Amino acid sequence: MAFFDIPLPVFMGQLLIGLINGAFYAVLSLGLALIFGLLNIVNFAHGALYMVGAFVAFLLLDILGIGYWPSLVLAPIIVGLFGIVIERLLLRPLADLDHLYGLLLTFGLALLLEGAFRHFYGVSGERYAIPDSLQGGFNLGFMFLPTYRAWVIAASLIVCIATWLLIEKTRLGATMRAAVENADLVRAFGVNVPLLVTITYGFGVALAAFAGVLAAPIYSVNPLMGSNIIIVVFAIVVIGGLGSIKGAIVSGFLLGVCEGLTRVFWPEASNIVIFVVMAIVLIVRPAGLFGKAA
Amino acid sequence: MKLLRTMLLAGAATALASPALAQDGGISDDAVKIGMLLDMSGPYSALDGQGSVVAVQMAIDEMGGEIDGKKIELMTADHQNKADIGSNLARQWSDQNNVDLILGGANSGVGIALQEVTSEKNIAYINNGAASAALTNENCAPETGIHWTYDTDALANGTAVAMVKEGNDSWYFITADYAFGHKLEENAMDAVKANGGTVVGNVRAPFPTQDFSSFLLQAQGSGAKVIGLANAGTDTQNSVKQAQEFGIVQGGQKLASLLLFLTDVEALGLDASQGLTLTTGFYWDQDDMAREWSAKFEEKHGSKPTMVQAGMYSSALNYLKAVKEAGTDEAKAVVAKLKEMPIEDAFSRNGKVRADGLMVHDMFLAQVKTPDESKGNWDFYNIIRTIPGDDAFRKLEDGSCEAAKG
């Protein structure tokens with residue numbers, strides 16, 4: 001087995017790198033799962049909004065001189081508000097129609113956003129520097145871990161856990177979960193469900209933008225960055241179980257690691273391994289790892 | 001029976017529509033039609049894409065938009081880096097539009113597919129941007145196909161040989177996993193070994209890849225003195241950027257970007273790319289002629305031309321000159337004429353189209369400037385030396401294009 005050809009330190013390094021990539025997957029699939037759970041919309045614009053998040057951070061710096069730390073909060077808010085506008089103006093009228101309409105609309109939206117940014121900024125990408133406070137790295141013995149990558153794991157974990165707590169442990173979260181189960185009944189209790197839906201979409205989109213800001217210093221800020229990642233993230237949501245928050249987080253990290261290890265054992269297959277896992281999961285557990293059978 | 005009749009009808013229709021006029025010389029359907037198939041929106045569109053269209057239009061304008069009263073028409077399409085899309089478009093242009101020349105852009109997979117279609121359909125084909133030397137070796141079509149700007153052999157002979165001679169003699173390759181990367185890796189490995197170096201390993205990264213950290217870590221662990229990047233475009237940018245993040249250069253290993261474009265350096269910034277050794281077929285600041293043309297290009301496109309864009313201009317211009325001299329746009333006649341002409345313009349120094357279809361011309365070994373050395377926008381390279389065409393490219397007799405050796 002190839003596994004034994006690889007010295008432990010290298011193996012540990014790859015494990016860690018997988019976790020870092022998994023962190024991006026987790027934050028993105030979390031947003032997708034939230035939106036799917038409450039709105040029943042397959043949000044194909046998620047990747048594009050992740051890209052917009054990165055661009056907003058870039059533009060805040062380029063035009064207004066606002067640095068990384070404020071952007072980490074501002075960009076998700078700006079993009080989240082944009083998401084709220086999308087939900088109110090475009091998605092709301094489709095709420096009673098088949099899923100397919102929402103999917104087509106968000107897919108079109110993704111193409112529009114990507115096309116617009118490509119028109120103005122080209123594909124070669126913009127630079128976004130790692131903030132000074134996160135420069136450098138640690139020597140872990142088995143690998144050199146850049147400080148920024150460590151921060152990516154930490155920030156993603158915090159956001160994922162906070163979101164999970166919000167949904168599982170707070171009154172707002174309880175109402176949201178109830179609305180997922182039976183929106184009409186919750187409305188009969190006097191809860192403003194449409195508002196809840198709008199907020200959820202805005203929050204899911206803000207999560208995508210947050211991941212975008214996290215990604216900006218590592219990858220070039222590039223109009224195509226979203227379309228490269230979105231298909232993988234969809235697969236992860238399916239593996240975790242559509243609409244399952246915990247499933248999205250756990251499978252995000254898990255599949256990041258899975259992909260990372262494939263890059264060592266069989267690098268050529270690393271961009272399809274997630275889909276292979278998806279196929280297997282769908283055969284064995286059609287509802288996904290954490291999904292409830294319909 | 002019905003099927004047979006349909007096929008016969010289709011055959012007859014194609015025969016009627018095809019430019020059978022070519023045999024009696026002259027320009028078919030009263031127009032010289034150029035079709036460009038390139039990456040207009042993907043990872044190679046910055047170094048090629050719209051800039052290449054602008055460059056070819058400049059060549060057409062320079063010829064006055066017509067040849068002996070026959071209009072020059074330009075069509076463009078996005079091959080989306082997919083060989084099947086590229087070949088379908090080429091067939092369509094051949095069957096419906098009677099295209100005379102196809103200019104193929106970056107992506108070797110598509111480039112090789114187009115070579116087959118164009119030679120079957122007897123269309124002149126010039127590629128700028130696809131790097132694979134297979135175009136003038138195992139996949140050569142010397143009667144119709146020409147490879148213009150650079151190829152993987154020239155890149156390897158330039159960068160890899162220069163670095164091995166400086167004592168950087170053990171290499172690990174990170175390779176884009178398709179036709180281009182494989183060929184570049186193969187050529188570079190040969191060059192390293194031929195000059196006394198060793199190859200300690202390689203890893204094939206899917207194309208395109210965003211996160212190279214895993215591959216970089218494997219390269220770091222290999223202990224090789226040089227990490228050779230056999231990739232291009234956004235793949236190169238991401239790998240160079242992340243190599244810096246993971247402290248690879250600080251750790252004492254050197255990076256060799258075997259194919260680096262001006263637009264990559266612009267996107268990376270000099271901080272991240274300074275000191276990289278590279279081989280290029282053209283640099284806008286190489287001499288007066290190049291500077292003058294590049295300034296005109298910049299006015300129209302907003303950036304200095306990459307070697308691919310300059311090569312597109314040069315190949316279109318010389319093709320049109322050859323059509324004028326040959327008095328026909330029949331593919332074989334024009335390509336034969338091109339092989340007689342010296343190729344000398346804003347792009348090419350001491351250029352000639354060889355029997356196997358390779359446009360041999362001077363290449364440059366360059367190094368990316370430090371931020372202090374650079375005098376501003378686009379002032380990115382120090383030219384270390386000129387590599388004469390005959391040294392830069394593989395010799396005809398060493399190649400595998402049997403049809404051209406005769």
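Biologist: In which orientation do H3(A) and H8(A) stand to each other?

Modeller: Helices and strands are DSSP runs numbered from the N terminus (H or I, at least four residues, for helices; E, at least two, for strands). An axis is a line fitted to C-alpha atoms, for a helix over the stretch in contact, and angles run from 0 to 180 degrees between N-to-C directions. Angles under 35 degrees are called roughly parallel, over 145 roughly antiparallel, 65 to 115 roughly perpendicular, and the rest oblique. Here the axes of H3(A) and helix H8 (residues 193-215) of chain A cross at roughly 140° and come within 7 Å. H3(A) and H8(A) are therefore oblique to each other.

This is a predicted model, in which local features need pLDDT of at least 70 and side-chain atom pairs count only at pLDDT 80 or more, while totals for chains, interfaces and linings use all residues. Residues are numbered from 1 along each chain as its sequence is written, and chains are lettered from A and ligands numbered from 1 in the order in which they are written.

Biologist: Which hand does the crossing of H3(A) and H8(A) have?

Modeller: A crossing is left-handed if the near helix is turned anticlockwise from the far one by less than a right angle, and right-handed if clockwise. For H3(A) and H8(A) the crossing is right-handed. The residues of this contact comprise 15 nonpolar, 5 polar and 2 charged. In this classification, Ala, Val, Leu, Ile, Met, Phe, Trp, Tyr, Cys and Pro are nonpolar, Asp, Glu, Lys and Arg are charged, and the others, Gly among them, are polar.

Biologist: Which residues of H2(A) meet H3(A)?

Modeller: Residues are in contact if their C-beta atoms, placed from the backbone, lie within 7 Å. A:Leu49, A:Val52 and A:Gly53 are among those of H2(A) in this contact, and A:Ser71, A:Leu74 and A:Ala75 are among those of H3(A). By class, the contact of H2(A) with H3(A) holds 11 nonpolar, 3 polar and no charged residues. The axes of helix H2 (residues 46-64) and helix H3 (residues 68-91) of chain A cross at roughly 130° and come within 9 Å. H2(A) and H3(A) are therefore oblique, and their crossing is right-handed.

Biologist: At what angle do H2(A) and H9(A) pack?

Modeller: The angle between H2(A) and helix H9 (residues 225-240) of chain A is about 140°, and their axes are 8 Å apart. These helices are therefore oblique to each other, with a right-handed crossing. The contact includes A:His46 and A:Tyr50 of H2(A), together with A:Met225 and A:Ile229 of H9(A). It divides into 8 nonpolar, 4 polar and no charged residues.

Biologist: Let us turn to the sheet. In what order do the 4 strands of the open sheet in chain B lie?

Modeller: Two strands pair if DSSP finds at least two bridges between them. In chain B the order is S8-S7-S9-S10, with parallel pairing. S8 and strand S10 (254-257) of chain B are at the edges with a single partner strand each, so one side of each has no neighbour in the sheet. From one strand to the next, the twist averages 20°. Strand S7 (residues 170-176) of chain B pairs with S8(B) over 7 bridges, and B:Ser170 stands opposite B:Thr198 in S8(B).

Biologist: Which strands does H7(B) lie across?

Modeller: H7(B) lies across S7, S8 and S9 of chain B and runs at about 170° to S8(B). In the loop between S8 and H7 of chain B one finds B:Pro208, which a cis peptide bond joins to B:Phe207, with omega about -10°.

Biologist: How many residues of chain B are in contact with chain A?

Modeller: There are 30 from chain B, in contact with 27 of chain A. H7(B) gives the most to the side of chain B that touches chain A, with 6 residues. By class, that side has 10 nonpolar, 14 polar and 6 charged residues.

Biologist: Finally, how far apart are the C-alpha centres of domain 1 and domain 2 of chain B?

Modeller: Domain bounds come from an automatic or database domain assignment. For chain B that assignment gives domain 1 (28-150 + 287-361) and domain 2 (153-280 + 363-392). Their C-alpha centres lie 27 Å apart, and 19 residues of domain 1 are in contact with 23 residues of domain 2.

Definitions and conventions:
Two residues are in contact if their C-beta atoms, placed from the backbone, lie within 7 Å.
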